[in-house]
Amino acid sequence: LDFPISAYHFSNKFRIEPRAKSVFLRCREFIMKDLYSAHLTGEELDEFYWKVATAYKLIFERIGLDTKVVESGGGVFTENITHEFQVLCESGEDVIYYCEKCDFAQNKEIAKVKEGDKCPNCEGKVKVSNGIEIGNIFRFGTVYSEKMNTFAIDKNGKKQFVHLGSYGIGITRLMGTLVEIGNDDKGIIWPESIAPFKAHLIGLDKEMADKVYTELIKAGVEVLYDDREAASPGEKLADCDLIGIPYRLVVSQKSGDKIELKKRTEDNPELLTLEETIKKLQ
C-alpha cells in the first residue's frame, strides 16, 4: 500500500445512554460519519489532521453552523490533546471557554483559564458558553499500531509503526443541533443546504396543485406535496411551518393562475407565475 491511507466509514452506532436528551442530541442509536487515516510519520499525520479540521469547519459553515474548534481531552482513547467542533448553544451539555477575538477555545475539562481572563493567545477576553459537540478529531500516534503490531517498511527498509488518526461527524447529532438552534414557536427552520425538500406545496385547489406539482418535478425542484383532502387549510399551513421546509407554495382559487410563495423565515408572501416560481427555486 502507498501511504498515507484514509478511509471513510458511515454506520449506525449504539450505546447504553442513561442521559437521553432532546431526541437527537443524546440518544441510544445514531448515525456517525467516521474517517480513519494511517501515516508513516507524525509530521504527515499532523498535516492531514489539520486538513481535516479545515474541511470539517467548511462543511459546518456551509450548513449554517458557526463552530469553535475546541481543545479537549482524549477520554479513554488517547492521552493527547484532541479537538472538538462545538456549536455555542444554551442547551448544550459541554462548557466552553473561548476568546472573544481569536480562535482560542478549550473544553472545561482541560481548561486552564476562567471567564474574564486575558486570552493566552491575544489581548482578547475569555468568555464562557455551553456548547454542543458535533464533530471531533484525534491523533493516536503509534499507540494502537504498536498494540496491534501494524507496521510498514519505509523507503530506507526500516520497520515503522503506523501513525493513526480518527475523525468523526455525528450526523444524527448534527441534525438535532440544527433543530435546537433553527426553530421558532411554529416549528423547525431547516437551512436550504440540507433541507429534505426545497419547497412545500400546499394544494387548496387539487386540480391546479397537481399541475403545479408535475411541472415542479419536471423542472427538478425537490418538493413535498400536501394533497390531503381530509386536512383543513389551517392544518396544512400549521404542519408546513412545523416541518420547516425553506419555501411554502400555496395553490388556491384565491391566487388564480399564480402561486403564493413564502420563505419559512419571512412573514410576507409574494404572488408569482409558475415560471417565476421555478426560476426562484432552481
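**Cysteines and a helix pair in a predicted model**

C102 counts as partly exposed, because its relative accessibility of 23% falls between buried (under 20% relative accessible area) and exposed (over 50%), as judged with a 1.4 Å probe on protein chains only. The model is predicted, so that local features need pLDDT of at least 70 and side-chain atom pairs count only at pLDDT 80 or more, while totals for chains, interfaces and linings use all residues. Residues are numbered from 1 along each chain as its sequence is written, and side-chain values use heavy atoms, with hydrogens and water left out.

The structure holds zero disulfides, a disulfide being a pair of cysteine sulfur atoms within 2.5 Å. C102 is accordingly in no disulfide, and the nearest cysteine sulfur, which belongs to C119, is 3.5 Å away. For C122, the closest cysteine sulfur is that of C99, at 3.4 Å, which is too far for a bond; C122 also counts as partly exposed, with 22% relative accessibility.

Helix α4 (residues 206-218) and helix α6 (residues 274-281) have axes that come within 11 Å and cross at roughly 40°, where helices are DSSP runs of H or I with at least four residues, numbered from the N terminus, and axes are lines fitted to C-alpha atoms over the stretch in contact, with angles from 0 to 180 degrees between N-to-C directions. This makes α4 oblique to α6, since angles under 35 degrees count as roughly parallel, over 145 as roughly antiparallel, 65 to 115 as roughly perpendicular and the rest as oblique. V212, E215 and L216 of α4 meet L274, I278 and L281 of α6, contact meaning heavy atoms within 4.5 Å.

Terms used
Helix = DSSP H or I, 4+ residues; strand = E, 2+ residues; numbered from the N terminus.
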